[in-house]
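Please read this report alongside the sequence and the 3D model. It goes from the whole chain to single residues.

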Amino acid sequence: MEKLVSLCKRRGFLFQSSEIYGGINGFWDYGPLGVELKRNVKEAWWRDMVTGHDDLSTMPGAPEPYEMTGLDCTIIMHPQVWKCSGHYDLFHDYMVDCRQSKRRYRHDQVVGRWVEAKGQIVFATAGSDSDHPEADIERNALKFFGLRTKQADQLKWDGVMVSLTTVDDFSQVLGPDAKELGTLTEPREYNLMFKTIVGALGGEENAAFLRPETAQGIFVNFKNVVDSSRVRVPFGIAQIGKSFRNEITPRNFTFRSREFEQMEIEFFCHPNSSAEWYTYWRNRRFQWYIDMGLAGDKLRLREHDPDELSHYSTGTADVEYAFPFLPAGEYGELEGIAHRGDFDLRSHMEGKLDPESNPLTLELDENGKPRHRGSGKDLTYRDDITNERYTPHVIEPSAGADRATLAFLCEAYTEDEAPDENGKMQSRVVMKLHPRIAPLKAAVFPLVKKDGMPEMAQDIYRSLKKKFNVFYDEKGAVGRRYRRQDEAGTPFCITVDGESISDGTVTIRHRDTLEQWRVKKDDVVAEIDKLVNG
Ligand code: GAP
């Protein structure tokens, strides 16, 4: 992972935001190569899910043909949206503060072990940002008991490492950065939504939130889409856009950021067929990652256990990837596919009146009416053929553009060997990105800067540039130029050499197989098109 992070900075995939001021935790900038990569990921998703979707045929595994359309909604929405969606009341993590170190930790991410020494029992901990929690817990315990490393055998451990959530009495807890016991506060709720003020007047009544998910923009526009376009249920609405969460412990590169992009679909269907649609979308989304180059046992589809499901959901599955920063055997979520029933549309119609799901909705306002009522608008759907009116069920495939991009980067990073210009094998770093998402599709090189080679190479470059993002390079030995493109993930390098001048053919080199073949200069654009787009 360290090698990948360093390559990302060196080659301009990712930079820490505001780096010259020391950075800001949880925010990342995409550099010249990174911006192309992420755009390609989003465009591949949009093309495969929305514009390129064949709505006249039944997709394999789908109950019937369906339509797809898109939206681009605002980041700041009416605050009532978040009351009805549940985010205002329920979208929080629990955190604990250390009175001594003044540091803040996510309650469930502080881990520790019970340990006894010198007649005292304590729960020694490591913080959520620890990469080696076992070692940090031991170091913390040794320091507390005033022992040296070589006296570690005086520590008597009781049980395995567990979360702080298993501990009731904090008086025996040694905080991750504390010198004394009992410095951690009781867990407190911490809403993850970023708050802002709309307008010049300020004041709590003008408070608004940056959206923590793009999904709600789709739900509140459901009626607009049905009324303004000719879509009929079953259909899906897609949206790509920024979301914001004030994560307590942003970590693992871009995996958990405070500003990130989501690619979400809300798929509206008849309640009777929603179970089949759920299965369809779960499999379809899993297959997408395989098609884009994630393969093998690093990628898995995990169905949630019944006790993990929200009360309104009859099924949720996660597409997960074994990111290299995770301990062996652990997977991180790339995308969740959830059967949400009619929960969201109903919430925006009526508000949540279900005391089981949200007791806060039973608070009454000054008129004795429950607070957090919905819009009061009719968000049901009438089938114009059968005349049936119902509230559609929703299947929600919700993906993170940054997490997908990170997984593609992790999967692509490869160290192997390739021959240099003298045929000698040299080690190289190569980013084996799928050609569809590679930032540059091809690079064009004249073998040497004379004999008409640069002119011919520039001609080819210009004709490719009309269709693709390509790179022209005439500096240095050709072997070094190949290596630079290998690191950038460029799948094809086109070289103009002496033979090109005499017979009008050029070589194309394949980044992964290192195979080289000759094509006519005028066929290069068609050849690259075929190789990239199939
Ligand atoms: N509308 C449902 C929803 O937002 P989620 O599981 O909270 O569900 C969906 O988020 C996806 O968004 C995740 O699978 C992940 O890819 C991405 N995501 C969520 N929080 C993120 C964060 N802090 N940083 C980067 N990506 C995140």
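## Basis of the model

This is a predicted model, in which local features need pLDDT of at least 70 and side-chain atom pairs count only at pLDDT 80 or more, while totals for chains, interfaces and linings use all residues. Residues are numbered from 1 along each chain as its sequence is written, and side-chain values use heavy atoms, with hydrogens and water left out.

## Domains

The chain is divided into domain 1 (2-91 + 194-408), domain 2 (94-190) and domain 3 (440-533); these bounds come from an automatic or database domain assignment. Between domain 1 and domain 3, the C-alpha centres lie 40 Å apart. Seven residues from domain 1 and six residues from domain 3 take part in their contact, where contact means heavy atoms within 4.5 Å.

## The seven-stranded sheet

Seven strands form an open sheet with mixed pairing, in the order S3-S13-S14-S20-S17-S16-S15. Strands here are DSSP runs of E with at least two residues, helices are runs of H or I with at least four, and both are numbered from the N terminus. Two strands pair if DSSP finds at least two bridges between them. The edges are strand S3 (67-70) and strand S15 (299-303), each of which pairs on one side only. On average, neighbouring strands of this sheet are turned by 20 degrees against each other, direction ignored.

Strand S13 (residues 235-244) pairs with S14 in the antiparallel sense over 10 bridges. Gly-236 has Phe-267 in S14 as its bridge partner. Helix H8 (residues 274-291) lies across S3, S14, S15, strand S16 (315-321), strand S17 (332-341) and S20, and runs at about 165 degrees to S17. For such angles, axes are lines fitted to C-alpha atoms, for helices over the stretch in contact, and values run from 0 to 180 degrees between N-to-C directions.

## Annotated binding-site residues

An unreviewed UniProt entry carries the annotation "binding site" for Arg-106, Glu-213, Phe-260, Glu-261, Gln-262, Met-263, Glu-264, Glu-396, Pro-397, Ser-398, Ala-399 and Gly-400. These positions span 295 residues in sequence, and their farthest two C-alpha atoms are 27.5 Å apart, so they do not all gather at one spot. UniProt positions are given in the numbering used here, feature names are shortened, and annotations may be inferred rather than shown by experiment.

Two of the annotated residues, Phe-260 and Ser-398, can be looked at in turn. Phe-260 is in strand S14 (residues 259-269) and counts as buried at 13% relative accessibility. Buried means under 20% relative accessible area, exposed over 50%, and partly exposed in between, using a 1.4 Å probe and protein chains only. Apart from neighbours within four places in sequence, Phe-260 contacts Pro-212, Gly-241, Lys-242, Ser-243, Phe-244, Arg-245 and Asp-402. Ser-398, in strand S20 (residues 393-400), is buried with a relative accessible area of 14%. With neighbours within four places in sequence again left aside, Ser-398 contacts Gln-262, Met-263, Glu-264, Leu-334, Glu-335 and Gly-336. The side chains of Ser-398 and Glu-264 are joined by a polar contact of 2.5 Å. A polar contact is a pair of N or O atoms within 3.5 Å; within protein, one must be able to donate a hydrogen and the other to accept it, and residues adjacent in sequence count only if both atoms are side-chain atoms.

Strand S4 (residues 92-97) pairs with strand S10 (residues 188-191) in the antiparallel sense over four bridges. S4 is also joined by three bridges to strand S5 (residues 104-106), again antiparallel.

The hairpin of S4 and S5 has six residues between the strands. Lys-102 lies in this loop and has a positive phi of about 65 degrees although it is not a glycine. At 68% relative accessibility, Lys-102 counts as exposed.

## Helix H12 and other backbone details

Nine of the 11 residues of helix H12 (residues 478-488) are buried, among them Arg-481, Tyr-482, Arg-483 and Asp-486. Gly-489 follows H12 and has a positive phi, near 85 degrees.

Asn-252, in the loop between S13 and S14, has a positive phi of about 60 degrees although it is not a glycine. Val-233 and Pro-234 are joined by a cis peptide bond, with omega about 5 degrees. Pro-234 is placed in the loop between helix H7 (222-228) and S13.
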